[in-house]
Amino acid sequence: MPSNIKWTVKSGYNQNGNYGPNADFSLGNEQGYYLFFDSSIATPGQKALIQTDPLQSAITNNCLKFWYFMNSNVDRNVGKLNVYDIDLETNEMTLLWTLEYAQGNEWLQGALTYAYKMKHSIVFEAVRGPG
């Protein structure tokens with residue numbers, strides 16, 4: 001899956017100050033880390049993708065929980081966060097979850113279940129909004 005821009009590993013306060021969290025979710029302080037998509041340097045429609053290593057499940061329904069932070073001082077810069085499942089045997093991609101636009105100045109939890117696939121991978125895709 002090609003990507004136009006990369007996610008950045010960040011910790012602590014976002015130096016730009018206009019958007020983004022003050023800390024990671026798990027520790028809630030400057031010592032923890034989080035992935036960051038900087039919409040201020042992206043052009044409308046530009047994407048950043050990150051893919052898990054191959055996963056193999058032995059259960060019928062899989063559960064995925066994650067935390068996200070979608071906020072900006074320019075709400076139209078915040079586009080979409082998409083989560084896909086890729087079947088690694090057929091390369092078929094299935095959209096599992098999507099959310100658009102700014103969601104407030106806080107960490108929120110995303111949760112979803114998806115059907116069993118022998119060998120698969122999860123992809124998180126951030127898409128810059130039209131602003």
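A pocket, on a 1 Å grid over the protein atoms alone, is an open set of points with protein on both sides within 12 Å along at least five of seven lines, and its lining residues have an atom within 4 Å of a point. With that in hand, here is what turns up in this structure, which is a predicted model.

The largest pocket has a volume of about 600 Å³. Its lining is made up of 28 residues, and Trp 7, Leu 35, Tyr 68, Phe 69 and Leu 81 sit nearest the centre. Sorted by type, the lining comes out as 19 nonpolar residues, seven polar and two charged. Strands β2 (33-36), β5, β6 and β9 each put in at least two lining residues.

Next comes the nonpolar core. The largest one holds 18 residues, and Leu 64, Phe 66 and Val 83 have the most contacts inside it. Two or more of its residues come from each of β5 (61-68), β6, β8 (108-115) and β9 (119-128). Take Leu 64: leaving aside residues up to four places away in sequence, Leu 64 touches Val 83, Gly 110, Ala 111, Leu 112, Tyr 114, Ile 122 and Phe 124.

Then there's Asn 82, which belongs to strand β6 (residues 78-87). Asn 82 counts as buried because its relative accessibility is 5%, and buried means under 20%. Its side chain makes a polar contact of 2.5 Å with the side chain of Thr 98 and another, of 2.7 Å, with that of Glu 125. Beyond four places away in sequence, Asn 82 touches Leu 95, Trp 97, Thr 98, Val 123, Phe 124, Glu 125 and Val 127.

Conventions: Residues are numbered from 1 along each chain as its sequence is written. This is a predicted model: local features need pLDDT of at least 70, side-chain atom pairs count only at pLDDT 80 or more; totals for chains, interfaces and linings use all residues. Side-chain values use heavy atoms; hydrogens and water are left out. Helices (H or I, at least four residues) and strands (E, at least two) are DSSP runs, numbered from the N terminus. Buried means under 20% relative accessible area, exposed over 50%, partly exposed in between (1.4 Å probe, protein chains only). A polar contact is a pair of N or O atoms within 3.5 Å; within protein, one must be able to donate a hydrogen and the other to accept it, and residues adjacent in sequence count only if both atoms are side-chain atoms. Contact means heavy atoms within 4.5 Å. A nonpolar core is a set of buried Ala, Val, Leu, Ile, Met, Phe, Trp, Tyr and Cys residues joined through side-chain atoms within 4.5 Å. On a 1 Å grid over the protein atoms alone, a cavity is a set of points where a 1.4 Å probe fits but cannot get out, and a pocket is an open set with protein on both sides within 12 Å along at least five of seven lines; lining residues have an atom within 4 Å of a point. Grid points are joined across faces, edges and corners, and a volume is the space filled by probe spheres set on the points. Ala, Val, Leu, Ile, Met, Phe, Trp, Tyr, Cys and Pro count as nonpolar, Asp, Glu, Lys and Arg as charged, and the others, Gly among them, as polar.
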